[in-house]
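User: I've got a two-chain model to go through. Can you walk me through it, piece by piece?
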Amino acid sequence: MAMLDPYRGQWTRREAAHLMRRACFGVTLDQLDKAVADGVDKTIDTLFKSVPTPEPPLNPADNSKWIPDPGQVFTKTVVLSDRNDPSTSTAYDLTKGSGYYNGITKVWWTMHMMTHAPSIQEKLTLFWSNHFATEMSVVQNGIFSWELLTYMRANAFGSFKGLARRVTLDAAMLRYLNGNVNTKGSPNENYGRELQELFTIGKGPEVSQGDYTTYTEQDVRAAARVLTGWREFGGRDLVLAANDRDYRDNEPRTAPLFPDNPNVVFVVANHDTTDKQFSLRYGNRVIKGRSTPQGAIQELDEMLDMIFEQNATSEFIVKELYIWFVNSDITDEVRQNVIEPLAKDLRTNGWNVGPVLKKLFASEHFFDVNLRGCQLRSPADLVLGLGRAFPSWSLITDKTLVGRYFQGFTTALASQQMDLVEPSSVAGYEAYYQAPDYYRMWLTTATLPLRNGFTDALLTNNTALGRKPIVDTVAFVGKLSSPEDSLGMIEQINEIMFAAPFVESTVMMLAEEILMNGGRYYEWAMLWNAYKADPSTANFNAVRTPLDRLFRYLFRMAEYQLG
Amino acid sequence: MSKNTPTRLSRRSFIARTSGAVALPMLFNGIPLQAFDGPVVNDLFNVEAETDRVLVLVQLNGGNDGLNTVIPLSEYGTYQSLRSNIAIAENKVLKLTNATGIHPVMKGAHELWSEKKMNVVQGVTYPNPNLSHFRSTDIWMSGSASNVNETTGWIGRYLNSEYPDYPTGYPNAKMPDPVAIQMAPVVSLALTGYQNQSMGIALQDPETFYKLVSGTDAPGNDLPSTKLAAENIKYVREVQMKSLEFSTVIKAAADKAQNKFTYPTSNRLADQLKIVARLVAGGLKTRVYVVQLGGFDTHAAQVGADDTMTGTHANLLQMVSEAITAFQRDIEALGVADRVVTMTFSEFGRRVASNQSLGTDHGTAAPMMFFGTPVQDGIIGTNPDMKNLDNGNLKMQYDFRQIYASVLEQWFGAKKAAIKDILFGSFSTVKVIKSGTTSVDSEENAQQGNAWTFQSIAPNPVKSEAFIRYELRAPHQVRLDVFDNLGFHVATLVQQQQDAGQYEQPFSVSGLPSGTYMVQLTLNNERAHQAMIVAK
């Protein structure tokens, strides 16, 4: 059976939970059971539909709007008459700094990732923010980073080539990888290098000095020269923003050229108009130098065409998607039967990622029992997955505490080393490229204790919930069939929340040593039945204490770290 | 397991086999055969590793601009003309010697220099340098050639050779503490041992570490039937076990010693070194600590627009200098300074010519710095030759594996055969640790007593031309010979009476096949040797 054939095996909570963990961090028990009832095909169809995006966040300090409407340049509304006087701005309070606004974006995104209906869109957006990596703390402009993220979300299922083009001329990226200072006579190679090494064609083995199989140092320099002259509009340095000259070198510059990307301009004098000679790796292609803004766009498009004509580019991105969603170990068999066919699909369908991923998720290979648990949960899988499985945010009555509730999850992601839009470098989070450890990079003697601290806290009373825990174990267990049967209950929990089945002795150990604290497994039925017959405080506590003890242990088990 | 494992194991066993199987002549020209692996003096280092020696590795992530860290005053004109927009004013440079100085913000380091506690090794990189941060970091961490994808780390392999089977059976009476500690959320490749196990544990703060770990129960033994899931569970359980076992000893050590010197605040490097000082003084037997400071990828705004002595790079160097100086003062006050050596490194230096964004692009060779009481003070190598560049980049003076070999040999007392295994080849050493610190260094002593020094061969490994440096402090009859690895004479480079002075003898290896050669310097009746590797 071909590995990419549609999956036709059994479809129970176990398979559905595997799909949901990988596609959208996790789901509630009700959502899981709906997927089981819908069947695999319909569930995957649903996962590949866009979900509505909530309104952009306001500034919580005064509920003011700080994100401009699509296509609007915020700088137009806040041109400063005096560079040193931020009080002349209104829409984007410069005194608060980018860290403040980026913090709002992170909490807002955490909330959206935790609350949206089952869909692959947000985990895919997180993939793009890791693939085309930027660091908010380096970009230092809350609006630029917001807009890049918004573009990635809106085009998450769309054209990889389109994303690459947009990212190349993105304001946040121009800042992050020094496109702003990439000029004729002094080309800055930073973006030209990463475009090839990390974003598109990928770096192969260095076969001779400066020759990385897929491209060479010559191509890095040539790409940098193609991209000379592009800049972001000016961000916080707004003195001359309304002018037709760039404040950095006082050279004439264009008005924004792209209606949907208004923060990018072109400085004609900084563009290298000579021809760009690429290496043998690109068939010795020469890109003709041009002198107008439209000509520079043409140069960029010719260069992207040249890069995307190489099969290595489609294979590189499919490989990254595979590592993100499936497995880090790409065997020859996987390369031939999964990566290469999907890469071909991508090349022939107009570079649309959605259909390619859908085929992968619907395949026999994706559901292969031997691949279950081959990943370790990323912080997003752990933190957001639990947040999604136990959506207690719906119980918050005091709306002023909503932000605090989600901020706890944002902070947990950061401390476990998955700070949103803050990877450790332009290569993204190490767990997705650092061989041979890959996902194991997430789990160290420093981060495992933090994970334990996080899951422990879910069982303690939460202020925002009026002193109720985020994970209500009694309510959760009450939804299972025959919750009075401790062994059956643990088997069901395993099926829903664990990637690999427990062996029989583990189930018994959990029932007797943990749940019953040294008692016999069948004694649980008495406690549960007493509670069902009379849910008094005493009877409630008699089941809550053992269940909390059980869940605290389950979340700390090595088995739970498998994704 | 990792898909890379089979390749790595087969290569390692290949090395093990060849080093035992090749028969060499016992003696030739009066030199024992061991000389082929490095200086003859190495034989005298065959002592058991001292367990109280501590190495602190300071990683400067992003590619530190070596030319603005260690500034070539003797070539100031060239320096200034190639990087006029970021050049440090000549009269502000803190002088180490008349020819060489350091960045003006590095006042603390300059104090340590004047107290003879600092060493600079110039021009360190490797043949065929890679300009990618990620690849070059991997090369430095793994301690392998640039065309080899090695998945274990250089210090991890050394520690693994000292503590075989780790982590099975650890902690134990001989090593009750973590073998290595990285003050970060993750452990770097440098600490990865032969079986791809990390020889180090990661932690950020002993107190929090202890609190979070203390609630964990001992993990079970049951495993699911599928292979990948079972391996992952085993991995997590190992991390759980290590956290459990080590959290108590680490906390105890940290509680035992308090810092005796005030560290600078808002300094990410000082925050880490501050804990290292407590753990060392608190009695942990941990051999290696890894600390890091990021932000050195200064493509733009490396210096301030108005003053090249300010800006990102100045801030970073100030942090490095202040953090390391405070650490040194602290361990001196705590009485453990004799046991600690600190070494800085970065994945590469930066392009010689600056760009117009007041920054520098990725480059190659750069200085490494050593700090500490046991450090042999001085500058090894020469100011970089900025007129003879390779694609705008500096040429190699020393292979970083020479420096690693020197540290392993002179600080940890590793045997030369072990070093050869660890670094996948023989590398000649330079003197970074004072004589007498590890063991008696008779040849070096003899050289010093006789007023001459066989200083270095650079580059080494050599591709086309090597420069053999030696210093005479009195006139001597000098003979300089090269032998191949079977003891056959290859060339006589010098045979004459020479006056006192500094000599640099060029030697073209164009006609020689790749391999290990030995260069022998003979003065009157005394000899000194260094290995030279020809790699084409």
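Analyst: Start with helix 24 of chain A. Its buried residues are covered by elements that include helix 22 (486-497), helix 23 and helix 25 (537-556) of chain A. Contact here means C-beta atoms, placed from the backbone, within 7 Å. Helices (H or I, at least four residues) and strands (E, at least two) are DSSP runs, numbered from the N terminus.

User: Which are the buried residues of helix 24 of chain A?
Analyst: A:Trp524, A:Leu527, A:Trp528 and A:Tyr531, in a helix that spans residues 523-533. They cover an arc of only 90° around the axis, so they lie on the same side of helix 24 of chain A. That arc is taken from the directions from the helix axis to the C-beta atoms. Buried means 20 or more other C-beta atoms within 10 Å of the residue's own, exposed means 12 or fewer, and partly exposed is in between; C-beta atoms are placed from the backbone.

User: And which exposed residues are on the face turned away?
Analyst: A:Met526 and A:Ala533 are the exposed residues there, on the face of helix 24 of chain A turned away from its buried side.

User: What should I know about the model itself and the numbering?
Analyst: It is a predicted model: local features need pLDDT of at least 70, side-chain atom pairs count only at pLDDT 80 or more, and totals for chains, interfaces and linings use all residues. Residues are numbered from 1 along each chain as its sequence is written, while chains are lettered from A and ligands numbered from 1 in the order in which they are written.

User: OK. How many helices and strands does chain A have?
Analyst: Chain A has 25 helices and 6 strands. It has 563 residues, and 48% of them count as buried. Take the contacts in chain A between residues at least 6 apart in sequence: 70% join residues at least 24 apart.

User: Now the interface. How many residues of chain A are in contact with chain B?
Analyst: 52 residues of chain A, in contact with 48 residues of chain B. On the chain A side, the elements giving two or more residues are helix 11 (190-199), helix 20 (447-458) and helix 23 (504-515).

User: Which of them gives the most?
Analyst: Helix 20 of chain A, with 7 residues. By type, the chain A side divides into 21 nonpolar, 19 polar and 12 charged. Ala, Val, Leu, Ile, Met, Phe, Trp, Tyr, Cys and Pro count as nonpolar, Asp, Glu, Lys and Arg as charged, and the others, Gly among them, as polar.

User: Switch to chain B. Is strand 7 buried or exposed?
Analyst: Buried. 8 of the 8 residues of strand 7 (residues 118-125) of chain B are buried, so the rest of the structure largely encloses it.

User: What does it pair with?
Analyst: Strand 7 of chain B pairs with strand 12 (residues 366-371) in the antiparallel sense over 5 bridges. There, B:Asn119 has B:Phe370 as its bridge partner. Strand 13 (residues 378-380) of chain B runs parallel to strand 7, joined by 3 bridges, and B:Val121 stands opposite B:Ile380. Strand 14 (residues 398-399) of chain B also pairs with strand 7, in the parallel sense over 2 bridges. Two strands pair if DSSP finds at least two bridges between them.

User: And strand 11 of chain B?
Analyst: Strand 11 (residues 340-345) of chain B has 6 of its 6 residues buried. B:Val340, B:Thr342 and B:Thr344 are buried on one side, and B:Val341, B:Met343 and B:Phe345 on the other. Strand 3 (residues 54-60) of chain B runs parallel to strand 11, with 6 bridges, and B:Leu57 has B:Met343 as bridge partner. Strand 12 of chain B runs antiparallel to strand 11, with 3 bridges. B:Thr344 and B:Met369 are bridge partners there.

User: Which strands form the open sheet in chain B?
Analyst: Three of them, in the order 15-16-19, with antiparallel pairing. Strand 15 (452-458) and strand 19 (501-508) of chain B are at the edges with a single partner strand each, so one side of each has no neighbour in the sheet.

User: Where is B:Lys251?
Analyst: In helix 7 (residues 227-256) of chain B. B:Lys251 has 19 other C-beta atoms within 10 Å, so it is partly exposed. Leaving aside neighbours within four places in sequence, B:Lys251 is in contact with B:Pro206, B:Glu207 and B:Tyr210.

Terms used: Two residues are in contact if their C-beta atoms, placed from the backbone, lie within 7 Å.
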